[in-house]
Amino acid sequence: MPTVLLIEDDAESRRATAELFVREDWKILEAGDGEAGIGMALEFKPELILCDLLMPRANGFQVCRSIRQLLHRTKIIIISGRDYGVDRTSAIEAGADEYLVKPISWENLREVIERVLPAGHDGESKPGPLPNFMPPATRVKFWGVRGSIPVPGSSTVGYGGNTSCVEVRADGEIIILDAGTGLRELGIELEKEFGSQPIRPTLLISHYHWDHIQGLPFFLPAYNEKNFLRVLGYQGAKESVQAVLEGQMDEKSFPIKLGAMGAVSINELKEMEFQIGRVKVQARFVNHPGICVGYRLTTSNGSIGFFPDNEPYDVLKMSAVSPGKSDSAQARAWAMEERARFVQFLRGTDILIIDTQYTDEEYAAKVGWGHGSLSSVVSLAVDAEVRKLFLFHHDPNHDDRMIDQMVEQARMLVLESGKPTEVEAAREGAEVWLGAKAPLSA
Ligand SMILES: [Zn+2]
Ligand SMILES: [Zn+2]
């Protein structure tokens with residue numbers, strides 16, 4: 001008896017399809033969302049999969065791609081309520097064998113099944129170890145890694161000149177961390193990837209210094225109403241998120257108003273812990289002029305800390321300077337306590353992306369500017385048992401060679417600590433995967 005797996009979130013239409021197969025003596029498996037469907041496909045290796053296109057937790061395209069990588073003989077038929085040529089082409093490119101438009105009759109189905117499954121439903125060979133199901137990997141991509149101001153040019157071409165912007169794909173979400181100038185290119189790529197499909201990212205902003213918001217007016221998907229860009233941030237020192245972003249696009253500085261971005265919806269954050277779909281987000285205020293936060297994202301494939309601007313507290317201890325506190329011993333104790341809390345917050349983070357703008361020597365002349373120095377960042381990451389540290393918010397004056405040297409220095413410091421933390425410098429265009437499909441690498 002051949003097996004068919006029905007992946008469809010609408011229980012009613014799943015039942016209707018199941019009835020067609022029952023009459024023809026098929027064994028039927030059912031999954032109510034994309035991820036469950038991928039899991040069952042890998043476990044049971046059915047001869048045939050009927051998969052809906054629009055579903056939560058992995059759409060039909062994603063399901064095809066995931067299954068096709070591991071099961072070569074299972075046939076996949078995408079079922080959709082829509083008949084766009086681009087959907088059909090994308091489905092076939094993703095690994096589907098056929099694309100059928102609802103409503104479907106047994107006559108339709110039989111014809112297609114006979115075409116894709118000739119010679120007696122010969123599916124995957126059954127014996128053999130079952131692969132363990134892993135949800136699609138969490139992916140992190142750097143689109144802008146520079147601090148303060150963009151610095152294009154031959155001396156920065158290695159690490160890149162765009163300012164703060166990182167993309168995270170996890171648990172079916174597109175989460176964008178900061179809207180520095182790197183955001184522009186991400187917008188172009190998203191449009192290419194999604195074509196006529198809607199793009200629904202969530203943008204988390206750390207704070208409203210230029211290098212963290214300047215890309216927004218150039219993010220093309222935000223102007224198209226088929227998309228939905230949710231912008232989240234905390235109230236600034238003087239104004240709301242809305243007012244700050246409107247101000248940036250005031251006619252004094254920019255020819256198009258924020259209101260022309262039909263896809264944008266701005267929400268001011270009140271809580272320090274919330275969910276974006278199934279991704280847990282924890283925010284933390286950091287030591288930086290004005291209101292500035294960093295975020296820790298917990299995905300089903302690991303965690304990511306993003307602290308683009310931050311001056312570590314332990315340097316206050318070293319300099320024993322803390323405005324408003326006359327007693328330096330007290331100031332030191334306070335700084336150490338804050339640092340301990342930060343270490344606790346970051347503990348066990350898989351990927352930490354953090355402000356390491358200065359070398360220790362440079363920092364000595366820039367205490368109180370709100371940025372990190374190499375040794376304090378490394379000791380923070382080591383104490384928090386971070387798996388992989390990415391130096392970030394590179395100083396505009398640092399060329400590629402300088403950043404290479406900082407990475408080497410940081411690795412020496414980790415070596416001395418005896419801890420296993422890996423160190424890289426964030427590089428524009430680099431991608432890191434967390435999860436089963438690829439090893440952790442940049
Ligand atoms: Zn910055
Ligand atoms: Zn800043």
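What arrangement do the 4 donor atoms around the zinc ion (ligand 2) make?

Modeller: This is a predicted model, in which local features need pLDDT of at least 70 and side-chain atom pairs count only at pLDDT 80 or more, while totals for chains, interfaces and linings use all residues. Residues are numbered from 1 along each chain as its sequence is written, chains are lettered from A and ligands numbered from 1 in the order in which they are written, and side-chain values use heavy atoms, with hydrogens and water left out.

The arrangement is irregular, because the 4 donor atoms around the zinc ion (ligand 2) subtend angles of 84 to 175°. Four donors count as tetrahedral if all angles lie between 85 and 135 degrees; four count as square planar and six as octahedral if opposite donors are over 155 degrees apart and all others between 65 and 115; anything else is irregular. The coordinating atoms are NE2 of H207, ND1 of H209, NE2 of H288 and OD of D309, at 2.1 to 2.4 Å. Donors here are N, O and S atoms within 2.8 Å of the metal (3.2 Å for Na, K and Ca), and since water is not among the atoms, sites may look incomplete.

Along the chain, the donors of this zinc ion follow the spacing H-x1-H-x78-H-x20-D. D309 also bridges the zinc ion (ligand 2) and the zinc ion (ligand 1), which lie 3.5 Å apart. H207 lies in the loop between β9 (202-204) and α8 (210-213), and D309 in the loop between β15 (302-307) and α10 (314-319), so the pair ties together parts that are 102 residues apart in sequence. Helices (H or I, at least four residues) and strands (E, at least two) are DSSP runs, numbered from the N terminus. Both H207 and D309 are buried, a term that means under 20% relative accessible area, with exposed over 50% and partly exposed in between (1.4 Å probe, protein chains only).

S206 is also placed in the loop between β9 and α8. S206 is buried, with a relative accessible area of 5%, and its side chain makes a polar contact with the side chain of H207 (2.9 Å). A polar contact is a pair of N or O atoms within 3.5 Å; within protein, one must be able to donate a hydrogen and the other to accept it, and residues adjacent in sequence count only if both atoms are side-chain atoms. Leaving aside neighbours within four places in sequence, S206 is in contact (heavy atoms within 4.5 Å) with residues including D178, H212, C292 and P308. Of these, C292 counts as buried at 1% relative accessibility.
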